[in-house]
Each structure stands twice: as structure tokens, then as C-alpha cells.
Amino acid sequence: MQNLWQKLTTSSFAKTILSGVLTLGIVALLLTQISTADVSSLFSGLSYNWIALGVALYLVNNVGRAVRLRILLPNQDMRFYKLLLVVNTYTMFNYILPAWTGEFSLLYFLKKYKDVSLGRGSAALIVARIMDYLAVAVFFIIGAGFSLRQLLDTDALLTTTIIKAALAVM
């Protein structure tokens with residue numbers, strides 16, 4: 001009985017129980033807010049071809065992120081499938097946790113699985129975010145090029161202001 005009490009009061013066991021109870025509480029709260037009829041009608045109207053395409057693009061995106069991380073951390077002897085697992089988990093936490101606090105999960109998982117220092121992991125994360133920003137800026141320029149005619153048809157002062165603001169942000 002003494003051994004069981006020690007096991008129940010260890011911090012890791014208590015944390016596991018607490019996180020399980022908290023998760024069940026959040027799920028129960030969310031389920032009380034959702035109408036099963038709404039969920040049913042949503043799923044009945046889905047196009048499974050589009051879902052398959054979305055899943056495929058999501059996987060390609062995460063493989064690309066893993067490749068990018070492999071390039072940013074070249075001297076880490078980590079198998080690609082483990083790196084892909086880290087990226088998939090990090091992406092999940094990034095979508096679930098509020099205010100992009102999931103970004104810190106990448107640093108945690110890199111430290112846990114491959115002993116990447118906090119500084120090196122943070123540098124890789126910052127460079128990855130800069131690369132993301134540059135990619136979005138390029139997409140913006142391409143999109144602005146396609147819609148430039150519409151911008152020129154409107155007020156010239158408004159167009160000039162929009163272009164100056166976009167260039168300033170970039």
C-alpha cells in the first residue's frame with residue numbers, strides 16, 4: 001500500500017492525471033457547445049476528394065518544413081522520419097495552442113530528440129519565420145501584379161498609398 005501511495009503522489013504521475021482530467025473537461029465543455037445535427041450535416045456535405053487533396057497538401061507542406069529544418073540544422077544526425085515526426089507534432093501544437101505559443105514546442109522537441117541547444121533551435125526557428133515571411137511577400141507581389149489593373153482603375157492616390165504601404169512592410 002505504501003508503494004502505491006508513493007506512485008500516486010509522484011509528480012509525473014500526478015501531472016499525467018491532471019492533464020488527462022483537464023483534457024476531458026475541455027472536451028466535455030466543447031461537446032456541450034456543439035450541436036450533433038450541425039456536425040452531422042457538415043460531414044454529410046463534405047467532398048472527400050477535396051479532403052484527400054487537403055490532407056495530401058498538408059503532408060507535402062510538413063515534408064517541406066522538415067526538409068527546411070534539415071537544411072537549417074545541417075550537423076544534426078537525426079533520421080528524417082524523426083524530424084518529420086517533430087515537425088508534425090510541432091505543427092499540431094502550433095495550430096492548437098493560442099497565440100502561436102506552439103512555436104516553443106519545436107524548441108522542446110528538438111532538445112528532447114536531438115539535444116539541439118535552445119540558441120541553435122531558436123535561430124533555426126527565426127530563420128524559418130523569415131523565410132515564411134519572404135514567401136508570403138513574393139505571393140503578395142504576384143497577387144498584386146495580377147490585380148494591379150483593378151488598383152489602377154480606382155483612385156490614383158489610393159493606389160499609390162497601397163503600393164507605398166506594401167513596399168514599406170516588405
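Residues are numbered from 1 along each chain as its sequence is written, and side-chain values use heavy atoms, with hydrogens and water left out. Because the model is predicted, local features need pLDDT of at least 70 and side-chain atom pairs count only at pLDDT 80 or more, while totals for chains, interfaces and linings use all residues.

A search of the whole structure returned 2 cavities of 30 Å³ or more. Here a cavity is a set of points, on a 1 Å grid over the protein atoms alone, where a 1.4 Å probe fits but cannot get out, and lining residues have an atom within 4 Å of a point. Grid points are joined across faces, edges and corners, and the volume is the space filled by probe spheres set on the points.

The largest cavity has a volume of about 100 Å³. Its lining consists of Arg65, Arg68, Leu69, Leu72, Val87, Tyr90, Leu106, Ala124, Leu125, Ala128 and Arg129. At least two of the lining residues come from each of α4 (48-72), α5 (80-96) and α7 (118-153), helices being DSSP runs (H or I, at least four residues) numbered from the N terminus. By class, this lining holds 8 nonpolar, no polar and 3 charged residues; Ala, Val, Leu, Ile, Met, Phe, Trp, Tyr, Cys and Pro count as nonpolar, Asp, Glu, Lys and Arg as charged, and the others, Gly among them, as polar.

Arg68 is found in helix α4 and is buried, with a relative accessible area of 16% (buried means under 20%, with a 1.4 Å probe and protein chains only). Beyond its neighbours within four places in sequence, Arg68 is in contact (heavy atoms within 4.5 Å) with Ala128, Arg129, Met131 and Asp132.

Turning to helix packing, the axes of α4 and α5 come within 9 Å and cross at roughly 115 degrees, where axes are lines fitted to C-alpha atoms over the stretch in contact and angles run from 0 to 180 degrees between N-to-C directions. The residues of this contact divide into 11 nonpolar, 3 polar and 2 charged. Among the α4 residues that take part are Tyr58, Arg65 and Leu69, and the α5 side includes Leu83, Val87 and Tyr90.

Terms used: 1 Å grid on protein atoms, 1.4 Å probe; cavity = no way out; pocket = protein on both sides within 12 Å on 5 of 7 lines; lining within 4 Å. Buried < 20%, exposed > 50% of the residue type's maximum accessible area, 1.4 Å probe, protein only.
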